[in-house]
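Dear colleague,

I am passing on the structure below, and after it I set out what I found when going through it. Please read the notes with the coordinates open beside you.

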Amino acid sequence: MMKYLSLPDHTTHILPFYLAMEEYAARILGEDDIFFMWQVEPTVIFGRNQLIASEVNVDYCREHGIAFYRRRSGGGCVYADRDNIMFSYITRSDEVQTTFSAYTSAVASMLQGLGLDASASDRNDVLIGSRKVSGNAFYHIPGRSIVHGTMLYDTNMEHMLNAITPSREKLTSKGVESVRSHITTLSEHLSMDIESFKRHVRETLCDGEIVLTADDVAEIERLTLPYLEPSFLWGNDPRCEMSRGGRIEGVGSIYANLSLKGGTVHDLHLKGDFLPLCEDVDEMLLDRLRGARLTAGDLRRALDGADAGKWILNLTNEQLITLLTN
């Protein structure tokens, strides 16, 4: 059985605090197996090796007050909010697959205790029937392993669909139904409220409690700071080559070959049958966009005071921004 790790009060922290809490438990506390649950305000969390521009709809997140952070573990991009419970498990095991299997099997068994048709998949997910209710990621430090993941009690499906995709297309009911065909929420299957469910989880998986002190919390807050550094949030983005483009009425076809570094525009070359109004249109545009992130807001700021129609016949700034962000 695991020891449950509790904070001294009921303050809701930003997501990186709980990632730092995992690190603190792994590095400082001596228990073999530790578990805790947490909830956050709407937040997107993406994996260590993921490219923000490919995974997070930054403009949508900023527009709707959704925070976004990078974690140290691998895996995919996840949306979380107050109706989505996050699980953290810290153990001495060094065996990745053994750790995953033992943990997801324990979670599935806990759900089975509520009469649910739950099982652990070979992709480290927990399913109810054939639909995913929990996805998990793994982070290893010498001598300790951390598994953290979601438990979908309920969630804002529109935010989930829009915040973790770079698509700027308007949400459609078909899109929501597509998501719902692959995932499920506990609220679809249980009559108990979220707090009752959390009590069941703790009583089933844990035996005993560790209560952190104010000094522990202060140290965890110190460990949170590196997660907030722009160099960690954006700088881990690998060099990325991508193409964006299409046909614009009255302008012609424009295709941009982009090189991103650290999540920002590093190089750019245009091709197509558009009519350039200067010989060095690539350089003129790159001078404006170099260092900008590939989001509508950042590109709009980079182009402030410029007129794309002076580089390419009939092209507007907004048409250029749409071309580069779609």
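A word on terms before anything else: the strands named here are DSSP runs of E of at least two residues, numbered from the N terminus. Please also keep in mind throughout that this is a predicted model.

I began with H148, which has its place in strand β11, the run covering residues 144-152. H148 has a relative accessible area of 8%, and because buried means under 20%, this residue counts as buried.

I then turned to a sheet elsewhere in my notes, an open one of three strands that are ordered β7-β8-β9 and paired in antiparallel fashion. Its edge strands, each of which pairs on one side only, are β7 (118-120) and β9 (131-134). On average, and with direction ignored, neighbouring strands of this sheet are turned by 40° against each other. Between β7 and strand β8 (residues 126-128), which run antiparallel, there are three bridges, and A120 stands opposite V126 in β8.

Finally, helix α4, made up of residues 96-112, lies across β7, β8 and β9, and runs at about 175° to β7.

Key. Residues are numbered from 1 along each chain as its sequence is written. This is a predicted model: local features need pLDDT of at least 70, side-chain atom pairs count only at pLDDT 80 or more; totals for chains, interfaces and linings use all residues. Side-chain values use heavy atoms; hydrogens and water are left out. Helices (H or I, at least four residues) and strands (E, at least two) are DSSP runs, numbered from the N terminus. Buried means under 20% relative accessible area, exposed over 50%, partly exposed in between (1.4 Å probe, protein chains only). Two strands pair if DSSP finds at least two bridges between them. Axes are lines fitted to C-alpha atoms, for helices over the stretch in contact, and angles run from 0 to 180 degrees between N-to-C directions. Contact means heavy atoms within 4.5 Å.
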